Amino acid sequence: MSIPEFLLEMSIVVIAVVSLLTNLSVLLCFIQSADLRSHVPGIFILNLSFSNILLTVINMPATFLGVAKRAEPFEDLFCQAVSFAETFLTTNAMLSMAALSMDRWVAVVFPLSYSSKMRYRDASVIVAYSWLHALTFALTQLLMDWGGYSHTYASCTVHLDGGKRSQLAAYATFTALLHCSSFALCLLVLCFAYLKVLRVARSHCKRIDVITVQTLLLLVDIHPSVKERCLAEQRKRRQRATKKICIFIGSFILCFSPYVITRLVELFPSVHIPRYWGITAKCLSYAKTSSDPFVYCLLRHQYRKVLVNIISRVLRKDHYSLSVHSTSSTLDTTDDNCIARIT
């Protein structure tokens with residue numbers, strides 16, 4: 001085994017473990033918190049988390065075996081099923097991210113009418129469309145027999161066998177439509193929604209800044225250090241909004257664009273994609289499953305609070321069990337000593 005292959009295998013293992021733990025933590029938060037379940041965006045987050053978990057359990061082990069064996073990890077029928085799952089789950093996850101961005105746009109731009117514009121029924125319709133959209137491409141791939149093992153990506157994925165070069169035009173059209181209607185569409189929605197959100201956030205920050213400056217001018221006796229702290233807090237507020245938007249859009253582009261561009265470039269017959277680059281691009285797309293829980297959930301105060309409560313309850317229960325066991329052991333030792341003295 002070469003060093004690059006070892007590093008790629010370790011990357012897949014680390015990504016899979018982090019993805020499984022973080023996405024299961026998100027589901028655990030929903031189970032434990034009625035407040036989180038009452039929010040409409042929770043439907044999109046649950047859909048995204050389930051897609052990430054299934055992708056981690058089904059596709060990542062298959063890619064790991066493909067890298068380790070340097071050959072097809074399963075029989076053709078099972079490999080087609082794994083390829084079907086990848087197309088469906090990846091497309092569904094991307095559309096869930098787009099739905100979350102639109103939800104944020106509606107909440108920030110139309111705060112007074114948000115409850116009427118984004119209801120549980122509306123969110124359920126969006127999720128249903130996401131499933132139908134993803135299922136259409138996955139079924140088309142399955143019916144056209146365009147799923148199988150690709151040596152370039154060491155995984156069961158969308159793939160055209162060498163013996164089917166007569167279908168190259170149809171396959172290229174399908175691949176282009178798949179990535180345009182998933183990656184390109186979702187990127188367009190993310191940029192539109194989050195840049196609108198950023199624009200509104202900056203507008204609010206400017207209003208707050210004006211009010212703060214006017215207040216500071218009225219407070220003549222205030223210490224200069226207090227004024228400086230207020231102004232510094234204003235700058236941090238503006239930077240925080242920009243940083244969040246950059247994380248939302250940047251993580252999407254960083255993780256998916258290398259893989260999508262590679263899949264489009266390989267459609268040209270004269271282009272050869274190196275195997276290590278193909279697997280690396282695949283790993284980057286997998287990395288999105290492990291970053292999504294942090295980007296959308298676990299770094300937010302509500303989720304952190306629920307997680308801390310869960311961990312506190314578990315530790316308290318363990319401490320109680322340990323103390324009961326210790327007390328029991330002490331009593332048993334005391335009884336034995338008393339019996340020994342009597343005898």
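Modeller: The account below goes from the helix pair to the core. The model is predicted, so local features need pLDDT of at least 70 and side-chain atom pairs count only at pLDDT 80 or more, while totals for chains, interfaces and linings use all residues. Residues are numbered from 1 along each chain as its sequence is written, and side-chain values use heavy atoms, with hydrogens and water left out.

Helix α3 (residues 41–69) and helix α9 (residues 275–298) have axes that come within 11 Å and cross at roughly 155°. That makes α3 roughly antiparallel to α9 (an angle over 145 degrees). Helices here are DSSP runs of H or I with at least four residues, numbered from the N terminus, and axes are lines fitted to C-alpha atoms over the stretch in contact, with angles from 0 to 180 degrees between N-to-C directions.

Contact means heavy atoms within 4.5 Å. Residues of α3 that meet α9 include Ile45, Leu48, Asn52 and Leu55; on the α9 side, Ile279, Tyr286 and Tyr296 are among the partners.

Tyr296 also belongs to the largest nonpolar core, which has 47 residues, and is listed with Phe252 and Tyr303 as having the most contacts inside it. Such a core is a set of buried Ala, Val, Leu, Ile, Met, Phe, Trp, Tyr and Cys residues joined through side-chain atoms within 4.5 Å, buried being under 20% relative accessible area with a 1.4 Å probe, protein chains only. Both α3 and α9 are among the helices that each supply at least two residues of this core. Leaving aside neighbours within four places in sequence, Tyr296 is in contact with Ile45, Leu48, Met97, Leu100, Tyr194, Phe248 and Lys288.

Terms used. Parallel < 35°, antiparallel > 145°, perpendicular 65-115°, else oblique. Buried < 20%, exposed > 50% of the residue type's maximum accessible area, 1.4 Å probe, protein only.
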